[in-house]
Every structure is written in structure tokens, then in C-alpha cells.
Amino acid sequence: MDDSWKPVRRLRRLRRNDAIREMAREVRLSQSQLIAPLFVKEGTGSPEPVGSMPGVHRLSIPELVQECLELHRLGIRGVALFPVTPPELKDPYGSEALNPDCLVLRAIRAVKSAVPGLVLFTDVALDPYTSHGHDGLLDSGGSDVENDTTVEVLCRQAVLQAGAGTDFVAPSDMMDGRVGAIRRALDEAGFAKIGILAYSAKFASAFYGPFREAVGSASAAGTRSLDKRGYQLDPANPSQAIEDALLDAAEGADALMVKPAGAYLDILARLRTQTRLPLAAYQVSGEYAQIHAAARAGWLDYRSVRNESLLAIRRAGADWILTYFAKEMAAELVG
Ligand code: PBG
């Protein structure tokens with residue numbers, strides 16, 4: 001064979017050694033882009049491990065504050081708080097969400113005063129508080145979540161969280177019109193500075209399983225698979241996901257989220273071309289559990305797969321990543 005086949009362009013020149021590879025790297029992960037989801041429980045007992053999420057614990061408020069101090073030292077800028085409501089406080093209306101001294105509000109106040117520089121994100125939805133585990137109020141038939149009456153409760157929940165000191169309310173309920181309504185309610189209550197991170201493209205996903213164990217919303221419902229298809233997106237609907245996200249943007253969302261992340265990178269990439277708002281992606285509990293399970297079985301290399309999964313989410317267009325790997329990633333990135 002003569003030399004005529006030899007290529008002029010050789011991309012391997014850009015992959016030749018560590019130094020060149022590092023200079024040619026297009027996408028990077030930094031701890032300031034990671035948001036740590038944290039589970040908070042009542043009392044002062046020790047951290048309770050979540051069985052299906054190795055390394056993740058339910059923390060009492062004093063432990064939560066310690067954890068937040070540590071995360072902040074590691075360069076994490078944001079945390080998302082999720083309360084584990086005692087079953088006796090749950091009812092069909094999620095009334096505890098509007099208790100001015102409920103767990104998440106106490107947690108917000110404690111973290112804000114101990115670590116004022118940490119950005120707090122708090123879920124707006126009723127599932128931690130309802131005895132049926134749904135994100136809103138059920139209609140008289142008991143099978144569907146009523147949209148507009150739910151939105152009214154969500155607005156009050158958001159205002160309470162803003163009053164306690166959260167920085168961003170994060171409606172995760174998927175009711176229609178809730179972003180616009182919450183924006184108005186916050187503004188009217190004097191919280192124009194408080195942002196909205198909308199869970200805009202939130203799919204009815206089986207990847208939320210371990211989370212529901214962690215917060216007890218599945219056990220509240222008395223079933224392992226809570227059916228939220230009446231409000232969360234159909235995994236088969238990419239166009240509807242974009243439409244939902246653009247509506248949230250038009251209603252005043254400050255940042256948009258895609259959830260889950262790994263199985264929905266196409267949605268992230270598409271949304272990236274449609275908006276200039278910051279995009280968040282939630283690498284959810286099931287994605288985390290999958291990587292741990294395979295690594296435990298010796299089938300995948302834990303650190304490489306973890307890093308690759310996060311890089312892929314950045315590459316698809318996420319500015320912020322909610323991930324249960326946040327702390328250990330930050331510790332490694334700090335070096
Ligand atoms: C509920 C909510 C869920 C998650 C965050 N907020 C679960 C659900 O919709 O049932 C899931 C997060 C995860 O799986 O890590 N409002």
C-alpha cells in the first residue's frame with residue numbers, strides 16, 4: 001500500500017498526552033455547579049441510612065447544619081432540602097406543608113443562620129405531607145390531582161418558605177400555571193428577590209423509587225409504584241417537555257430543570273437551544289442507586305462511571321446538577 005491513504009487531519013494529535021488532553025477539554029465539572037439534595041428528619045437522633053442509596057442519610061437539623069457547613073467549605077454553593085414528615089402528621093390535604101413551624105421551615109432557618117452563604121433550594125409540592133403521597137389535593141373521586149386548588153396551596157407553601165429564608169423555591173409538582181401563580185404570590189408578599197427554579201420537564205419516571213423510600217412518600221401511599229402520570233410528563237413526549245419548560249419560562253421561572261437527567265439528555269440538549277435561562281438537571285435517586293449497585297457487584301468501575309455520568313449531563317447543557325454525588329465530587333475536585 002502506498003502513502004496516499006494517509007490522513008492530513010489527525011485528531012489524535014489533540015489526545016496525545018495529559019497536558020494536551022487537558023487543554024483540549026471542552027466541558028468541565030466544577031463544585032460550584034453541583035447542588036446537594038439533603039434529607040432532613042425530626043429529632044436529634046443519629047443519621048439514618050437510606051437503604052437503596054448507599055452513603056445517603058436522613059439528617060436531624062443539627063446534623064444537617066454540620067453537613068451544610070462542610071459542603072460549603074468544599075465549594076458547594078447550593079443545597080436542596082427534602083423533609084421526611086412523620087406519618088402521623090400526614091393527611092389527605094398535606095396540611096403540615098402550611099404549618100408555620102414545620103420541619104423544612106425550621107431547617108431553612110437553621111441552615112440560613114449557620115451558613116448564610118449557602119444557596120437554599122426548597123421543593124414546592126405536597127407529596128412529603130399527603131397521606132396518599134401525591135403532589136397535590138385529590139379531587140372528590142380520589143383519583144386525580146386537582147390543579148387549581150393545589151396551586152393555591154403551593155403559593156402559600158412557597159411564601160412560607162420564602163419567609164423562612166429560602167433563596168429559590170422549586171415547584172416540583174407539575175401543576176399547570178403554578179410558576180406564574182407562585183411568582184405573583186411571592187411578589188405580593190414582598191419576596192420579589194426570591195427565585196423560582198422550576199422543575200419544568202419532570203417525567204413520570206421509575207427512577208424516583210429510592211427517593212420515595214427516603215422520604216416515605218411511597219410507604220405513605222401503601223404502594224411501591226405511585227402513579228403520577230396524570231401530572232408528570234410521559235417519557236415518550238419530548239415536544240411536550242419543551243413546551244412545558246418554555247411555559248414556565250414565560251410565567252417567570254428564573255431557571256428550568258430537567259428530571260431525571262441521564263435518560264433525558266436529549267431533552268436537556270434540546271432545551272439548551274431554546275432558552276438562555278440557567279438549566280438544571282436532577283440526577284435522581286435511581287440513577288445514583290444504579291451506579292452503586294453495579295459497582296458493588298463489581299460490574300462497573302465506580303469513580304469512572306460516576307464522573308462520566310456527571311460529565312454527560314454537563315455536556316448535554318446543564319449549568320447546575322442536583323446530584324447525591326455532590327459532596328464526594330466536590331471533595332475530589334478540591335483535591
Ligand atoms: C416530589 C419529588 C420527587 C423527587 C424530587 N421531588 C419524587 C416524585 O416526584 O415522586 C425525586 C428525586 C429523586 O428521585 O432523587 N415532588
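Predicted model: local features only at pLDDT ≥ 70, side-chain atom pairs only at ≥ 80, totals over all residues.

Visitor: Which residues of α8 are called buried, and what makes them so?

Guide: They are A241, I242, D244, A245 and D248. Buried means under 20% relative accessible area, so each of these residues falls under that cut-off.

Visitor: How do you know that the buried residues of α8 line one face of the helix?

Guide: Look down the axis of α8. Its buried residues fall within an arc of 160 degrees, so they line one face.

Visitor: Which residues on the other side of α8 are called exposed, and why?

Guide: E243 and A250 are exposed there. The label needs over 50% relative accessible area, so both residues pass that mark.

Visitor: What comes just after α8?

Guide: G252 does, with a positive phi of about 115 degrees.

Visitor: What does the span of α3 show?

Guide: Agreement again. The twelve residues of α3, 103-114, should span 16 Å at 1.5 Å a residue, and the end C-alpha atoms are 17 Å apart.

Visitor: Which residues of α3 are buried, and what do they pack against?

Guide: The buried ones are L103, V104, L105, A107, I108, V111 and K112. They pack against β1 (34-41), α2 (61-73), β4 (78-83), β5 (119-124) and α4 (147-164).

Visitor: How do you find empty space in a structure?

Guide: Rolling a probe the size of a water molecule over the atoms shows where empty space is left.

Visitor: How many cavities of 30 Å³ or more does a search of the whole structure find, and why is such a space called a cavity?

Guide: The search finds five. About 120 Å³ of space lies in the largest cavity. Of the 17 residues that line the largest cavity, D127, K202, Y208, F211 and K259 are the closest to its centre. β7 (195-202) and α6 (209-215) each supply at least two residues of that lining. By class, the lining has six nonpolar, four polar and seven charged residues.

Visitor: What makes the largest pocket a pocket, and how much space lies in it?

Guide: A pocket is an open set of points with protein on both sides, so it differs from a cavity, where the probe cannot get out. About 310 Å³ of space lies in the largest pocket. Its lining includes L14, R15, R21, E308 and R315. α11 (302-316) gives the most, with four residues. Five lining residues are nonpolar, none is polar and six are charged.

Visitor: Which residues lie nearest the centre of the second largest pocket?

Guide: L38, G55, V56, E67 and Y324 do, out of 18 lining residues. The volume of this pocket is about 270 Å³. β1 gives the most to the lining, with four residues. By class, the lining has twelve nonpolar, three polar and three charged residues.

Definitions and conventions
Residues numbered from 1 in each chain as written. Heavy atoms only, no water. Expected span 1.5 Å × (residues − 1). Buried < 20%, exposed > 50% of the residue type's maximum accessible area, 1.4 Å probe, protein only. Contact = heavy atoms within 4.5 Å. 1 Å grid on protein atoms, 1.4 Å probe; cavity = no way out; pocket = protein on both sides within 12 Å on 5 of 7 lines; lining within 4 Å. Points joined across faces, edges and corners; volume = space filled by probe spheres on them. Nonpolar A, V, L, I, M, F, W, Y, C, P; charged D, E, K, R; others polar. Arc of directions from axis to C-beta.
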